[in-house]
Each structure stands twice: as structure tokens, then as C-alpha cells.
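Work through the exercises below with the model open beside you, and try each task before you read its solution.

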Amino acid sequence: MSEFDNQILRDPRRNKGTAFTIEERQKYGLMGLLPNIVETMETQIRRVQIQLDHFERPIQKYIYLTALLDSNETLFFKTIISDPAKYLPLVYTPTVGEACERFGHIMRQSRALFISIDQKDNIKALLKNWPVKDVRFTVVTDGERILGLGDLGICGIGIPIGKLILYTSCAGVPPEHTLPIVLDAGTNNETFLNDPLYPGLKKKRVSGKEFDDFVEAFVSAINEVFPKICIQWEDFAGKDAIRILEKYRDKVSTFNDDMQGTAAIATAGIITGSRFSGKSFREQRILFFGAGAAAFGIAEMLVHKFQKDGLSKEEALQNVWMFDINGLLVRSRNDLADYQKPFAHDSEPSNDFAKSILKIKPTAIIGVSTVGGAFNQQVIENMCAVNERPVIFPYSNPTSRSECTAEQAYTWSKGKAIFASGSPFAPVTFEGKIFRPGQGNNVYIFPAVGLAIFATEAKRVTDEMFVTAAEAVAEQITEENFANGLIYPLIDNILEVSYNVAVKVAEKIFESGLASVKKPADIRTFIKSKMYEPKYQ
Ligand code: NAI
């Protein structure tokens, strides 16, 4: 056995690999354990890039990158930050979807905590096994609705791991304060239940009181073990997501990015649209196609923003309309869920979406229906008939479910559409002009909100913070951006964008009295000082 602490080579947080200096190698007993040469981080990044370029399939790159994260965290984050547009899709969507589906087969050492319902009475002990004592952020899933892929059980852990990578890469939340968790309440995925390599509980999901008690035990234990924790709920099934958020949002520091982050980025798009379309936000009228969990989250946030801009709640609700599988949401319908009722209006029933547009005259349509192609030529043309610059947001994922393509929106609107989608679309050339379709990606919102929460140690997470984040994202779009069809910032600038958003959100947190730290004289400097930078110590 070596008399030295050369385990440092196995500690991803402190490991520098070939960048250890000769002095450090002597100090830690690393001489001979590394090639004799001392390299800069730039050289190490070049080697990472060359290796990545050798892999053909994104999943291979994902496996390589997560292995790097588990061996040299600093190098991993420096690599991602060096080219976010290139690397983020490899560590998060779309690649993470396949990684989750195959987690049981590609699993190596994972930086995550696995809490099974069998351990319900022992959760505190499990949390205490995590080597870091000051955890501030957890992203937690039960794996029931992973992206558009359905129930992946504990293989859904790839999502919390990926999301927390984004917190650090996109907004500088220090990785040592983050903890990915999966709650294993079983799975209804038959393929997994029959797969000997599935690493989760081999039983059907529990639901109802048993599930709620499990979640309650988790919330209580984690707040006890990590008193400054903020819990982000991720990819729970819609019914559970809404219920859990409502239950805990006023009791602990918590939010749901699927609902609030998505809602904020959609709201940011509507704000940007209003900035450049000549109609104030108050004059916007939004018609949803699809009236499920996503529509509800966005609609609530829009109502908050309308109220912030001076409308009463009743007036705000007048500006939000919805259409679902049974037609327009009108008061005379008796099949509406409770959460849908505030958005039902005194109006004639209709099953014709295109015709409803001519009647309601929305400034924006948002598709969250999962019905690919639903925004047909008639729909887009009717939007043009009632708007100079119609806002068209087909938000359903994946691409095959998008209510229309970018090309269709720009072509059918003759280049007038203000367009953003849930899934990415390539730039479109229409009549010699190139349009860059926006993607309503939560990544502009949640890492920045997370940084503000981390820095201020916010006691609660409110919708107002997300409205502030939406405004701050929209503010960063210049006229030139907009002229090129951009309604969201470029991903290459994500750290700078997130920093600006976090400053605004932190101001809001201080103003609302929700911060646990003293308000600093200069919030910009304060936020900057809290941001992680991947450099060797
Ligand atoms: P959900 O199942 O809760 O709601 C779907 C809604 O669409 C229901 O109201 C249903 O009645 C309606 N619908 C279905 N078929 C229809 C039809 N033929 N005509 C009219 N309405 C119809 O689903 P959820 O969770 O609201 O998600 C919807 C979509 O939004 C998914 O594709 C999801 O990927 C996407 N989404 C996108 C996000 C983004 O950031 N772009 C974030 C969250 C969800």
C-alpha cells in the first residue's frame, strides 16, 4: 500500500489526471501512476474531443462523457461549457432518452441516490450515506413519465443526472451541492419487469396513499438531512406532478420544471412575440390546442403575467382559451376536469379549431396536444387572417407529434409567423430569407432560477420567480435576433443569459422576503461570486 493519498486519482472532484504538476504528483504519491508529461486542460479537452469524434453514435458519446464525469468532473464541465451547442444534446435531450431506455444495460457507476419504497422507513440513513453534507439541490423522479417515452422505472435516473449537469453547465450551480435521486415505487413497464438486467424493483407501481406516504417520507427526510435543500420534481406522471407540487409548494422550497419551467419558457416566447408584434402583452389572447398538464401549467403562468401587467384575474382568464379532444372548452360542457374549468368560457361549443380561430381571434396558438400535423394550412391561414404577425407555437414532442413543422408555419404564413416549437427544427429558407426556428427549451429558465435559489437560499419557489425569469429571457432578444426569426437566445450564450436571468430572479427573491441570506449591496457581483467555474484547484 502507498503511504500517500493517491486515491485523489479516483476522486472525480479533485482528480486532474495528466494536469497534476510534478510537485503535486510527489505530494500525493502519483509519480509513475501517470505518464511523465504534464498537460494543460486545453490539451486534455482536445483529447476528449478527438475521442468523442471517433464515436459514431450519440449514445456512445454519452457513455464516454458520463464516464469522464465520474473520473474528472472539472474536465467534464470545462468540455461541455467549451461548446454548449455541441455537447448539451449529448448529455441531455435527445441522447438522454436512449440512455434511460438502456440504463439497465449500459449502467456503470452512477452518481445518484436510489431510494426504493422498501426503504421507506430508512430514507434518512440512505441520504446520510451521500458523501456531501451540504446538498442544496435535488432533482428527483419516480420514472413514470420519462420525456415522451413513458414509464422507465428507475432507469429514469438519467434525467435527474442530466438535468443537474445542465444546472452546472448552463448556470454555474456548483456540482458538489447537487444530488440526483430516483424514487423506486415499482414500474408498469412489462419489458423491464421481464428483463433480468433491469436494476429496479421488479413489481408493479404502487399508487394512491401508499405512493403519497412514500413521497411524504422522502420530503420530510431530505429536509431534515439537508435543511437548505430545494427539491425539483421531474417527469412524474401528470396527475402526480400537479398533486405533489400543490401539496408541498407552500411548505418547502420546491418546484416542478415540467410544469413551471415549461410554462415560463412559453411565456417568454409570448412576451418576445408581443415586444415585436406591436401589441402589448395585455392585448395578447392565447388559444391552446390541447388542454392537459402542459397547457394548464403554461396557462397559469400567463395569467400571472397578465395580472403582473395590471389585469384582474377575471380579465386575464378572458385572454386564455383552450381546445381539447372534445372541442372548445365552454361552460356548457360537463366533461371538464376541475383544473380546466377556470379556462372554460361562455361561448358556443365548437369542434372546428380553424373556425374557432376566426371567432376568438387569438394572437397566439400553442399546441400541446401530441397530435402531429394538427396546425394545418387552414389553421395557419386563419391565424394570418386575424393577425399581422401570428404567434405559432407547436410545442408537442417528439418531432413527429409537433402540430406543424417550421417550414409549414413559415410557408403557409408567407414568412409572417413568429414561430417556436417543442422539438428542434432546422433553419428554413422562404423567399430567399433564412428563418431560424426557436425551440422552447426550459434550459433558459430552470438552471438560472436554480442559481438564484442557490445563492439566496430561497425558502420557497414561487410562480412570480418564473414570470420574472420569463421576462428576463425575453429581454435578452435584440431586434436583430428577432429579424432572423429568433425568439429565444442562442444556446452558445447560455451561461451569460442564465447569469442575467439569475440576477433578476435573485432580486425578486430578496424583494419577496424569501431569501435566507442578507441582501448584498451588489446583486450582480454576489451572483457571480456563487457561480462554479471548472478550473483545477
Ligand atoms: P396531456 O395528455 O396531459 O394532454 C394532452 C391534451 O391534448 C389533452 O387535453 C387532450 O384532450 C388533448 N388532445 C388530444 N388529442 C386531441 C385532438 N385530436 N384534438 C384536440 N385536442 C387533443 O399531455 P401533456 O403532458 O399536456 O403534454 C402534451 C404535449 O406537450 C406532449 O407532446 C409533450 O411532449 C408536450 N410538452 C412539451 C413541452 C416543451 O417544453 N415543449 C413541455 C411539456 C410538454
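## Exercise 1: A helix and its cover

The buried residues of helix α3 are Ile59, Lys61, Tyr62, Ile63, Tyr64, Leu65, Thr66, Leu68 and Leu69, where buried means under 20% relative accessible area, exposed means over 50%, and partly exposed lies in between (1.4 Å probe, protein chains only). This is a predicted model, in which local features need pLDDT of at least 70 and side-chain atom pairs count only at pLDDT 80 or more, while totals for chains, interfaces and linings use all residues. Residues are numbered from 1 along each chain as its sequence is written, and side-chain values use heavy atoms, with hydrogens and water left out.

**Task.** What span should helix α3 have at 1.5 Å a residue, and which helices are included in what covers its buried residues?

**Solution.** Begin with the element itself: helices (H or I, at least four residues) and strands (E, at least two) are DSSP runs, numbered from the N terminus. Helix α3 covers residues 58-69, which makes 12 residues. Next, look at the burial: 9 of the 12 residues are buried, so α3 is largely enclosed by the rest of the structure. The cover over these buried residues includes α2 (41-54), α4 (73-82), α5 (84-91), α6 (95-101), α7 (103-106) and α9 (158-171).

## Exercise 2: The nonpolar core

**Task.** Which residues have the most contacts inside the largest nonpolar core, and which helix gives the most to this core?

**Solution.** A nonpolar core is a set of buried Ala, Val, Leu, Ile, Met, Phe, Trp, Tyr and Cys residues joined through side-chain atoms within 4.5 Å. The largest one has 164 residues, and those with the most contacts inside it are Phe218, Phe288 and Ile527. Helix α22 (residues 494-511) gives the most to this core, with 10 residues. A second, separate core of 27 residues includes Leu328, Ala409, Phe419 and Phe435.

Now take helix α22 by itself. Its 18 residues reach 25 Å from the first C-alpha to the last, close to the 26 Å expected at 1.5 Å a residue. Among its buried residues are Tyr499, Ala502, Val503 and Ala506. Isoleucine 527 touches these four as well as Leu451 and Ala455, leaving aside its neighbours within four places in sequence; contact here means heavy atoms within 4.5 Å. What covers the buried residues of α22 includes α5, α9, α19 (446-456), α20 (463-475) and α23 (523-530). After α22 comes glycine 513, whose phi is positive, near 75 degrees.

## Exercise 3: A buried alanine

**Task.** Is alanine 112 buried or exposed, and which residues is it in contact with?

**Solution.** Alanine 112 lies in the loop between α7 and β1 (113-116), and at 10% relative accessibility it counts as buried. Leaving aside neighbours within four places in sequence, alanine 112 is in contact with Trp130, Ile157, Ile161 and Pro180.

## Exercise 4: Salt bridges

**Task.** How many salt bridges does a search of the whole structure find, and where do the partners of the pair aspartate 53 and lysine 86 lie?

**Solution.** A salt bridge is a side-chain nitrogen of Lys or Arg within 4 Å of a carboxyl oxygen of Asp or Glu. The search finds 39 of them. In one, the side chains of aspartate 53 and lysine 86 meet at 3.9 Å, N to O. Aspartate 53 is in helix α2 and lysine 86 in helix α5, 33 residues apart, and the pair links distant parts of the chain. Aspartate 53 is exposed, with a relative accessible area of 51%, whereas lysine 86, at 36%, is partly exposed.

Then consider glutamate 144 and arginine 205, whose closest N and O atoms are 4.0 Å apart. Glutamate 144 lies in the loop between β2 (137-141) and α9, and arginine 205 in the loop between α10 (190-193) and α11 (208-225), so the pair ties together parts that are 61 residues apart in sequence. Arginine 205 is buried, with a relative accessible area of 12%. Salt bridges that share partners join Asp142, Glu144, Asp151, Arg205, Asp212, Lys239, Asp240 and Arg243 into one network.

Terms used. Expected span 1.5 Å × (residues − 1).
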